[in-house]
Each structure stands twice: as C-alpha cells, then as structure tokens.
Amino acid sequence: ATANINRCWLACADFFAAQQSHTRASGAATQRETIMTFQNSVGYTPAILGPNTRESVAVEEGGSIEMLKLASTISKEGRPPAMLERPELGVFVGFGSLDTLRGCKFLPMATNRCISQHVVARRVAQNLDNLRTRGAYHDFGQIALVAVQYPTSEQFIEEPGSNRRFARFYVLDGQHRLTVMEELAQERPNVPIWFDLRVKVVKDKQAANQALLHMQHCYHPDPKCFFQ
C-alpha cells in the first residue's frame, strides 16, 4: 500500500512539472469514466473524481475537514500533498508527521478498548532505545482515524482558556501508537516522526461507530498462515 501511495506522489509531481493547466472537454458532465481534477480556490488539489454528485459539506475553520482538504492540496511550488482523497469512498490516505500530532486531538471511540499506560510506557522506552542505538524510531505503521462532519462542532476542539482550535479525530485503530508518538514528541521535540495515515470521513457519530464495528468484524488470525 505504501509503495502504491508513493507511486501516486511521483505521478502527481510529474504531472505538474509537465503541465500547467487542466481542461475538460465540453459534455464532460455526462462522462461516466473517472477523471482527474486539480484546481481549486486555494491551489491545486489532486482528487480522483467520478460523476459530480457530492453534496457540499460545511467546513469549520481549524477543524478536521479543513485540515484534510489542506493536506490534500499541492503547494504552489508543486510539492506533492501529504494526503490523497478518494471521494467515492470518503477516504483520505497519506502520511502524518509532528505537525499532525501538534495540530490535532485524537479521541478514543466509546466502543474501543481503554488505553494501557503500561503498554504506552513500554513502547516509549523501546522507541527511545531504538533512537539511541539506530538513530530512528520504530515504524509506527498505519493509523486509522474517522472525521465526523455533523454537527460541525465535531470537527474541532477548542483549548480551554484560549482561542486555539485543534482538528478533532476519533481513533479506529492505533490509539496506543498515537499516545506513544505524542509522548515521544514531548520528550524529543526535534526528532522527526512519520506514520501512515488513513482517515474515513463520515456524516455523524453513529456512522463513526459503524465504521469501527466494521473494522473490528474480522476472523481470528490462523497461526498456520504465518511464516515459521
């Protein structure tokens, strides 16, 4: 999956290096095949779109939806975005960093398991040890989140005593790893952190619960399927 994402990044960079504008033929409104559209009001956004049937979504300043839109925008200098969007699936995929950790709040789902501080402390120690011996943290893998559109107050969290807003996300998978990364960012603020990121955008919290239940509905692993 990571290799496929990297290929998408390179394809976007090649496209913008070779072409400065994108036009659509007349009659494209009835065209059923998938097309690529790049330009919006703030720059260029790579979004693989089908027929234009998407409803308009209210976007709160400093919220999760705004953050995802900005993260999927190619800079005016032509740098590929940190994330890509697949509108038909309501999914953003890409990479998170220290800026992601500092600009967001990650809330546990009510139906998810509680965070074990013992597990967090052990993983923080393991990563700090790996940093000392090998110069980098362990691979944190993919973090799966959900962003809720409505009510729009679900898109952000305001810090008490200030006007600062954080993008609000609910954790589908990776709450221990996120907590570990947040603690590492506090202890070693100058050490880069990168991780795979997948965000499912849903209409409300009921849909968020369904997304978590869908993710957890799976077969138990069969030991015979693993390399010995």
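These notebook entries record what I looked up in the predicted model shown above.

**Conventions.** I number residues from 1 along each chain as its sequence is written.

**Entry 1: overall content.** I assigned six helices and nine strands to the protein, taking DSSP runs (H or I, at least four residues, for helices; E, at least two, for strands) numbered from the N terminus. I then looked up burial, where buried means under 20% relative accessible area, exposed over 50%, and partly exposed in between (1.4 Å probe, protein chains only). Of the 228 residues, 37% count as buried. For contacts, I required heavy atoms within 4.5 Å. Among contacts between residues at least 6 apart in sequence, 75% join residues at least 24 apart.

**Entry 2: helix H4.** I find 18 residues in H4, residues 117-134. From first to last C-alpha, H4 reaches 25 Å, close to the expected 26 Å, the expected span being 1.5 Å times one less than the number of residues. Which residues of H4 are buried? I list Val119, Val120, Val124, Asn127, Leu128, Asn130 and Leu131. Seen down the axis, these buried residues fall within an arc of 165 degrees, so they line one face of H4; the arc is that of the directions from the helix axis to the C-beta atoms. The face turned away from the buried side carries the exposed residues His118, Arg132 and Thr133. The buried residues of H4 pack against helix H5 (175-187). Threonine 179 lies in H5 and is buried, with a relative accessible area of 15%. Not counting residues up to four places away in sequence, I find that threonine 179 touches Ile115 and Val120.

**Entry 3: after H4.** Just after H4, I note glycine 135 with a positive phi of about 80 degrees. Aspartate 139 is in the loop between H4 and E6. Is aspartate 139 buried or exposed? At 71% relative accessibility, aspartate 139 counts as exposed. I read 7.3 Å between the C-alpha atoms of aspartate 139 and phenylalanine 195, which are 56 residues apart along the chain.

**Entry 4: strand pairing.** I treat two strands as paired if DSSP finds at least two bridges between them. E3 (residues 83-86) and E4 (residues 91-96) pair in the antiparallel sense over four bridges, with arginine 86 opposite valine 91. These strands form a hairpin with four residues between them, and glycine 90 in the turn has a positive phi of about 65 degrees. On E9 (residues 195-202), E4 pairs in the antiparallel sense over six bridges. Within E9, lysine 200 is the bridge partner of valine 91, and leucine 197 stands opposite glycine 94. Leucine 197 also stands opposite isoleucine 143. E6 and E9 run parallel and are joined by seven bridges.

**Entry 5: helix H2.** In H2 (residues 64-71), I find Ser64, Ile65, Leu68 and Ala71 buried. Their arc around the axis is only 130 degrees, which puts them on the same side of H2. The buried residues of H2 pack against E3, E4, E6 (142-148), E8 and E9.

**Entry 6: aromatic pairs.** I paired rings of Phe, Tyr and Trp (its six-membered ring) if their centres lie within 6.5 Å; planes under 30 degrees apart count as stacked, over 60 as edge-to-face and the rest as tilted. This rule gives two aromatic pairs. One of them, phenylalanine 106 with phenylalanine 169, is stacked, at 6.4 Å centre to centre and 25 degrees between the planes. The pair links distant parts of the chain, 63 residues apart: phenylalanine 106 is in E5 (residues 104-108) and phenylalanine 169 in E8 (residues 165-173). Both phenylalanine 106 and phenylalanine 169 are buried.

**Entry 7: a cis peptide bond.** Most peptide bonds are trans. I find the bond from tyrosine 150 to proline 151 to be cis, with omega near -10 degrees. Proline 151 is in the loop between E6 and E7 (156-158).

Note on methods: This is a predicted model: local features need pLDDT of at least 70, side-chain atom pairs count only at pLDDT 80 or more; totals for chains, interfaces and linings use all residues. Side-chain values use heavy atoms; hydrogens and water are left out.
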